[in-house]
Amino acid sequence: MTNAELRTDNTRLAERLRQIRIEQGRKPEPEPRPKVVDIPLSVALVDRLQPLKVIAVKYAGVLAVGQITRIDISKLAKYEEAAKVLRYSKGFWCGLHGLGAGGFLQIIRRVNEAIDTGKTDELDINGLMRKVHFSIGLMTKDSALSYEIRGATVIAEDDVDTAIADVLPEINKYEEDDSYE
C-alpha cells in the first residue's frame, strides 16, 4: 500500500469506529484515560514490578531456545494489580511501565491458553519473544522515568496496599464504564 492509501484506510477505519461507538450508545470520540494515580504511588508500583521484569527476562530466555512453558498466572496477581493501577498514572513513563507489565502478563495468558487447549503449534515463538522484549523495554527504568519521578516522595511499602485500595474503586468505575480509549 502507498502512504496515501494507508491514510485513506486509516480515515475509513476511524469513521467506522465512530459509527460503532454511536450504535452502541456511546460518545463518538472516546475520552482519554483518566490520570488518577499520583507519582509517589506510581514510583512504588514501578518498584513493585521489578521482580516481574526479571521473570520476563528469564521467560524471554526460554522462548529464545524455542521452548514454551506454562506459568501459573495466579502467582502473579500482585503484579497484575500493580500494572492495572499504573495504567492510570499521572506520569507518562510510569504508565508505560504498567503497559509493559500488562503486555507481558497477556503474553503469558495467551501461551497458557495455547498449552491448555493443545494449540501450541499455532504460536509464533519468535513473535512472542519480540513482544516480550518490547514489554521488557517498557518496564526498564531509564533516564526518562528518572526525570519524571525525581523529587517524588517515597511511600512506605506498608502503605502501598492501602493507597492501591483507595484508588481502585475509582479505577474500577472507569473500567466498568469503558468510555475512554
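The structure is a predicted model, in which local features need pLDDT of at least 70 and side-chain atom pairs count only at pLDDT 80 or more, while totals for chains, interfaces and linings use all residues. Residues are numbered from 1 along each chain as its sequence is written, and side-chain values use heavy atoms, with hydrogens and water left out.

We begin with the overall fold. The protein chain contains 8 helices and 0 strands, where helices (H or I, at least four residues) and strands (E, at least two) are DSSP runs numbered from the N terminus. Read from that end, the order of elements is α-α-α-α-α-α-α-α. Along the principal axes, the C-alpha atoms occupy a box of roughly 50 × 45 × 30 Å. Of the contacts (heavy atoms within 4.5 Å) with a separation of 6 or more, 85% are made by residues 24 or more positions apart.

Among the 181 residues, 33% count as buried, a class defined as under 20% relative accessible area, with exposed meaning over 50% and partly exposed in between (1.4 Å probe, protein chains only). There are 26 positive and 29 negative side chains, and the centres of the two sets lie 3 Å apart. For this count, Lys and Arg are positive and Asp and Glu negative, with His and the chain ends not counted; each charge is placed at NZ of Lys, CZ of Arg, CG of Asp or CD of Glu.

Val 85 sits in helix 4 (residues 77-86) and counts as buried because its relative accessible area is 0%. Beyond its neighbours within four places in sequence, Val 85 contacts Val 37, Leu 41, Leu 45, Ile 164, Val 167, Leu 168 and Ile 171. Leu 41 is 44 residues away along the chain from Val 85, yet their C-alpha atoms are separated by 9.3 Å. Val 132, with residues up to four places away set aside, touches Ala 56, Tyr 59, Ala 60, Leu 63, Phe 104 and Ile 107.

Two arginines complete the picture. Arg 48 belongs to helix 2 (residues 39-48) and is classed as buried because its relative accessibility is 14%. Its side chain makes a polar contact of 2.5 Å with that of Glu 157 and another of 2.9 Å with that of Asp 161. A polar contact is a pair of N or O atoms within 3.5 Å; within protein, one must be able to donate a hydrogen and the other to accept it, and residues adjacent in sequence count only if both atoms are side-chain atoms. Arg 21, in helix 1 (residues 3-23), is likewise buried, at a relative accessible area of 10%. A polar atom of the Arg 21 side chain lies 2.8 Å from the backbone oxygen of Lys 27.
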